[in-house]
Amino acid sequence: MNDNLRSTVSSLIEKYVAILEKNGEPNEQYKYSAIDTFQQNWDLEAEDFSQMFLNSFKGRQNLLFHNSWGFIEKLAKEFPKETREMFRNLYDESIDVSRRITAFQVKSKELFLQLQEVISKKIQEKQDERAISLYLAFRYPEKYILYKNDYYKNFCKKLGIKEKEVGQRFLHLQELADEIKQSGLLEDNRLVNIYKLYSKHDWDDTYMRIQNILYVTFKEEFEKNKENFKIFYDGIKQYIKNNGLKFKLGEPIKQRKWFWVFDEEGYFNNKYIHYEFLLNENKISIDLHFESSKTKAQEFHDLCKPLPD
C-alpha cells in the first residue's frame with residue numbers, strides 16, 4: 001500500500017469513528033440482514049428457482065437499481081433454467097471474475113429481447129457493475145465489496161487518481177479494497193471497539209466495513225456541502241429580492257448541486273444556454289452552461305473561445 005492510500009484511508013477511518021461516536025449506528029445494519037437473508041435462502045438446485053430467488057434477495061432494498069431488479073426478477077420467473085445457469089457461472093470462483101462478469105452481462109443482453117416478447121412490457125436490462133457487485137457480495141461477502149459509483153468517484157478524487165472507465169470501476173474499487181484489507185488499517189482499536197457494538201454476524205465482514213467507511217464518510221461530506229449550498233441559495237435569493245433585481249432562481253433539485261439562474265427576458269434561459277450556480281468540492285462557481293445536442297453545445301463553446309476570461 002502506498003503512502004497516499006494509507007494516509008487517505010486512515011483519515012476516512014478517523015472520520016467514520018467520529019461519526020459513529022457522535023450519531024450512533026448510521027442505519028447501515030440492513031445490509032448485514034440482507035446478506036444473512038441471502039445466505040439462508042440461496043440454493044442453486046432449488047426446485048422452484050424463481051421463488052428461491054425472490055426469497056434470497058428480499059432484503060436488497062436500495063442496494064439495487066429498480067430497473068436492474070425488475071429485469072433479473074422477471075428473468076428468473078420466465079427463464080429460470082437460463083437464469084440458474086447464469087448465476088452458476090457467475091459464482092464459479094475457479095474462473096477469473098472479470099470473465100464471469102462479462103459472460104453474465106452478455107447472456108443478460110441475449111435474453112433481454114426474449115423476455116420482452118414474453119412479458120409484452122417495456123423494461124430495461126441494466127445488469128451493470130452495481131448489480132453484479134451485489135450478486136457477488138451477497139454470495140461471497142468475505143471476498144467482494146458492494147460497489148456504488150458515487151463513493152467510488154469520491155474515493156478516487158480523495159486519492160488524486162483517475163477513475164477507470166465504466167465497466168472497470170467495480171473491479172478497480174475491489175483492488176483498492178483488497179489493499180486496504182491487507183494493510184492492517186482496519187485493526188484500529190477505536191474502529192474495532194465501536195464496530196463491535198453494531199456488527200453481529202457469522203461471516204468475515206472486512207469488505208462491508210470498508211464499504212460502510214466509504215459510504216458513511218462521503219455521505220456526511222455531501223450532507224454538509226448540501227447544507228452550505230442551501231445557505232448560499234437562500235442568501236442569493238434574498239439578495240435578489242432586497243435589491244429588486246430582475247432575476248429569479250430555479251429550485252435546487254434533490255441530490256443535485258446546481259440550480260439555474262433565470263433572467264427576465266429569457267435570453268440566457270433556454271434549452272441551448274443558461275447560467276448555473278454549481279457546488280463542487282464545497283466551492284461555488286457560476287457557469288455559462290450549454291445544453292441541447294453535443295454538436296450544438298460544441299458550436300456555442302467554439303463561439304466563446306475567442307472571448308476573454
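Predicted model: local features only at pLDDT ≥ 70, side-chain atom pairs only at ≥ 80, totals over all residues.
**View 1. Helices H4 and H6 pack against each other.**
H4 covers residues 66–78. H6 covers residues 97–119. Two packed helices are described by the angle between their axes and the distance between the axes. For H4 and H6, the angle is about 70 degrees and the axes are 10 Å apart. Angles of 65 to 115 degrees count as roughly perpendicular, so H4 and H6 are roughly perpendicular to each other. On the H4 side, find Phe71, Ile72, Lys74, Leu75 and Glu78. They meet Phe104, Ser108, Leu111, Phe112, Leu115, Val118 and Ile119 of H6. By class, this contact has 9 nonpolar, 1 polar and 2 charged residues.

**View 2. Helix H6 also packs with helix H7.**
H7 spans residues 129–139. The axes of H6 and H7 lie 11 Å apart, at an angle of about 120 degrees. H6 and H7 are therefore oblique to each other. The crossing of H6 past H7 is right-handed. Which residues make the contact? From H6 come Val97, Arg100, Ile101, Phe104 and Gln105. From H7 come Glu129, Ile132, Tyr135 and Leu136. These residues divide into 6 nonpolar, 1 polar and 2 charged. Look again at Phe104: this H6 residue is in the contact with H7, and it is also among the H6 residues that meet H4.

**View 3. Helices H8 and H9 cross at an angle of about 60 degrees.**
H8 runs over residues 149–159, and H9 over residues 169–183. Their axes are 11 Å apart. The two helices are therefore oblique to each other. H8 passes H9 in a left-handed crossing. H8 brings Asn149, Tyr151, Tyr152, Lys153, Phe155, Cys156 and Leu159 to the contact. H9 brings Arg169, His172, Leu173, Leu176 and Ile180. Sorted by class, the contact residues of H8 and H9 are 8 nonpolar, 2 polar and 2 charged.

**View 4. The second largest pocket holds about 250 Å³ of space.**
The lining is made by 13 residues. Closest to the centre of the pocket are Phe65, Tyr147, Lys148, Asn149 and Asp150. Which helix gives the largest share? H8 does, with 3 residues. The lining has 3 nonpolar, 3 polar and 7 charged residues. Asn149 links two views: this residue is among those closest to the pocket centre, and it also takes part in the contact of H8 with H9.

**View 5. The largest cavity has a volume of about 60 Å³.**
How many cavities of 30 Å³ or more does the whole structure contain? A search finds 3. The lining of the largest cavity is formed by Ile35, Ala137, Pro141, Tyr144, Ile145, Leu146, Trp203, Tyr207, Met208 and Gln211. Helix H11, residues 206–242, gives the most to this lining, with 3 residues. By class, the lining has 9 nonpolar residues, 1 polar and no charged.

Terms used: Residues numbered from 1 in each chain as written. Heavy atoms only, no water. Axes fitted to C-alpha atoms, helices over the stretch in contact; angles between N-to-C directions. Helix = DSSP H or I, 4+ residues; strand = E, 2+ residues; numbered from the N terminus. Parallel < 35°, antiparallel > 145°, perpendicular 65-115°, else oblique. Left-handed = near helix turned anticlockwise from the far one by under 90°. Contact = heavy atoms within 4.5 Å. Nonpolar A, V, L, I, M, F, W, Y, C, P; charged D, E, K, R; others polar. 1 Å grid on protein atoms, 1.4 Å probe; cavity = no way out; pocket = protein on both sides within 12 Å on 5 of 7 lines; lining within 4 Å. Points joined across faces, edges and corners; volume = space filled by probe spheres on them.
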